[in-house]
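Subject: Structure handover

Hello,

Here is the structure for you to look through. My notes on the side-chain contacts come after it.

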Amino acid sequence: NHNSKAIMKWSMIVMVLSIVSVVITPVELAFLEVKFDGIFFFNRILELIFLCDIILSFNLTFQDPETGELLAKRRSIALNYMRFWFWMDLAVVVPYDLLAMGNSGGGSSIKIVKLVRLMRVVRLVRVLKASNVFEKYYADFSVNFNVMEGLKMLFITLFLIHLMACGLVYTAVNFPGEGDWTWLHDNEVIDWSGKDLYLIAFYWATMTVSTIGYGDIALVTQAERVYAICCMIIGASTYACITGQLCTLIISMTSGSQLFKSQLGVLNSVMADNHVPADSQALIRKYFMYTKAKRIDKEKKFILEFLSPHLKSIILVNMHVGWLRQIPFFVKTLDGEFISAVASVVHENAYAPKEKLALGKSPILEFHYVSQGIIVYGNRWLTKNRYFGEAIICQQPGFHSKPAASFGFSQTRSMGRNALHNILGQSRFKSVAKEVRRAAIKIRFRAIGATMLRQMAKGASIKYGRRLSSMKTLNSSTALDLLTSDNDKTSIEALKEVKEIQEQQKRLISERKQNPDTSYSEESADGNDLNSQAVVHLRNEMKSLQQEIDLKHKELAIALGRRLDMMEKRIVDDLKQAMMVKNNRWQQGKNNSGSKNVFCGTGLE
């Protein structure tokens, strides 16, 4: 099977070795002599691997480009392979070095050796096959197309320069002028090492391809000038093509930014033509910039329309499974089919600061999941991964108790009540609908319990508020009975002490009234008058008594807080017990009736 993983790995190995071969071959022709060394044996290993690849190619299935049928007959495979690639691969595995060594004589044999060695250039066709292999398995790797195009252009440019540099040296060595004079002699580099020669040749090839042409390296023979003409034509054409491709690549990479700037310019013009206030213009621009990523996501999702339903569902599942797992009534029954159905009815919204998502006492028609920013829902601050409006799963969802608004810029994922119930009504989602019905019952019980608790707490707050006001005044005869129902001895003693202190205050005030000479206005200038001393003493005593009363009031307030907490705990426990009783009765009724469509909606609520 040509699509198996083993064949893919083998093709990748052959592709890498092909690239190595086409890079080394020009260097061998220009700088190295044929001899038994490491390069010689490395070439024989390459030829053996390429021969194995030929044998394998006769046993690989292929897909008919016209009918799309997978052909596995050996005759069809052989005919298809021998149309083109077999002859190219066969030319590559011929051991040209061995043939050249066998004809290493003098005279005409030297020309034959040069011609045979030059035939090794056919190995360059392996780069075409390497490109074909990469395109064949391109879909098996997650790579950025723009990055790969940029790397491809860079490789083509460097390989062309490398080929031209080696060709320049090969031309000088094998096609010298009169007196064996070449550009190596004219530029006084004949005694340079192979590395230095390759560097100066690479420098000349770079100038030629880039069309700069400094002219500091002169070519003196006819063969060198003909070679230079060919390099100029090929280099200029390649330079023009690569420049055009590079410009196209840059434009495609920045197309989103250019479109955003264009749209923002149109928006500014519309606001200016309609005399929108400056503050509103700033808010609209900020919103437009905030939703830039959201518009890009919409463009990405548009690509899904070109996929089949099954492949589209795979992407939708991975796109939405993360946040759907955060919802309790979905987490137990999540599967790919249900996630794909829910994703089709989910829409993403972006909101500006203080923009309302729901009004107080308005029907609950949508479920909102906060994906970014903060939503203020009543006195709750909903951050990322929080949600509200879960009552849409009930038959009678009720109303929003308080409004919901965006705090700053925010984004939510929302789905409508009718769309969700249409999905749950499908027969293939019976298990999901069953779990949702259970969650709906819990939500309704929780809402009823919260209403009962608020009413009880309201009554208790009124009752204890009256007691607290009576505790502060302590003028009525019922003050002593404030906490006696709970047998709080500490509170009873504190009340008695407060009452005794207040009686002392009353006695002091009556004594002061009986002795009018002790008024504040009768204080002497030196402060030694007896009347003034009595006034100061009375004032200090009244102040200390008032501090004691305040302290006792604090103790009583703490005692009242404990009583209120105990009462709330008893209310919650009674409410839980009542909910359990009702749930048991409902389960018994369901088992007796055998109904499969019981939904939280009428009698139970």
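Below are the salt bridges, the aromatic contacts and one surface patch.

The model is predicted, so local features need pLDDT of at least 70, side-chain atom pairs count only at pLDDT 80 or more, and totals for chains, interfaces and linings use all residues. Residues are numbered from 1 along each chain as its sequence is written, and side-chain values use heavy atoms, with hydrogens and water left out.

Salt bridges

There are four salt bridges, a salt bridge being a side-chain nitrogen of Lys or Arg within 4 Å of a carboxyl oxygen of Asp or Glu. One of them joins Glu 47 to Arg 44, at 2.7 Å from N to O. These two residues are three apart in helix α2 (residues 38–57), which means about one helical turn separates them; helices (H or I, at least four residues) and strands (E, at least two) are DSSP runs numbered from the N terminus. Both Glu 47 and Arg 44 are buried (buried is under 20% relative accessible area, exposed over 50%, partly exposed in between, with a 1.4 Å probe and protein chains only). Arg 44 also lies over the face of Phe 40, 4.5 Å from the ring centre (the rule asks for NZ of Lys or CZ of Arg within 6 Å of the ring centre and within 35 degrees of the ring normal).

Another salt bridge pairs Arg 413 with Glu 348, at 3.5 Å from N to O. It links distant parts of the chain, with Arg 413 in strand β8 (residues 404–416) and Glu 348 in strand β3 (residues 347–351), 65 residues apart. Arg 413 counts as buried because its relative accessibility is 17%.

In Arg 438 and Glu 435, the closest N and O atoms of the salt bridge are 3.5 Å apart. Both residues sit in helix α19 (residues 430–473), three residues apart, so about one helical turn separates them. Arg 438 is partly exposed at 40%, and Glu 435 is partly exposed at 21%.

Aromatic contacts

Rings of Phe, Tyr and Trp (its six-membered ring) pair if their centres lie within 6.5 Å; planes under 30 degrees apart are stacked, over 60 edge-to-face, and the rest tilted. The count is 15 aromatic pairs. Among them is the edge-to-face pair of Tyr 170 and Phe 175, 6.4 Å centre to centre with 65° between the planes. Tyr 170 is buried at 11% relative accessible area, whereas Phe 175 is partly exposed at 44%. Phe 58, Tyr 81, Phe 86 and Trp 87 form one aromatic cluster.

Surface patch

Leu 307, Leu 311, Ile 314, Ile 315 and Met 319 form a nonpolar surface patch with about 370 Å² of accessible area together. Patches take residues with over 30% relative accessible area and no salt bridge, joining like charges within 9 Å and nonpolar side chains (Val, Leu, Ile, Met, Phe, Trp, Tyr) within 5 Å. Areas come from the Shrake-Rupley method with a 1.4 Å probe, and for residues only the protein chains shown count as cover. Ile 314 lies in helix α15 (residues 309–324) and is partly exposed at 40% relative accessibility.

Regards
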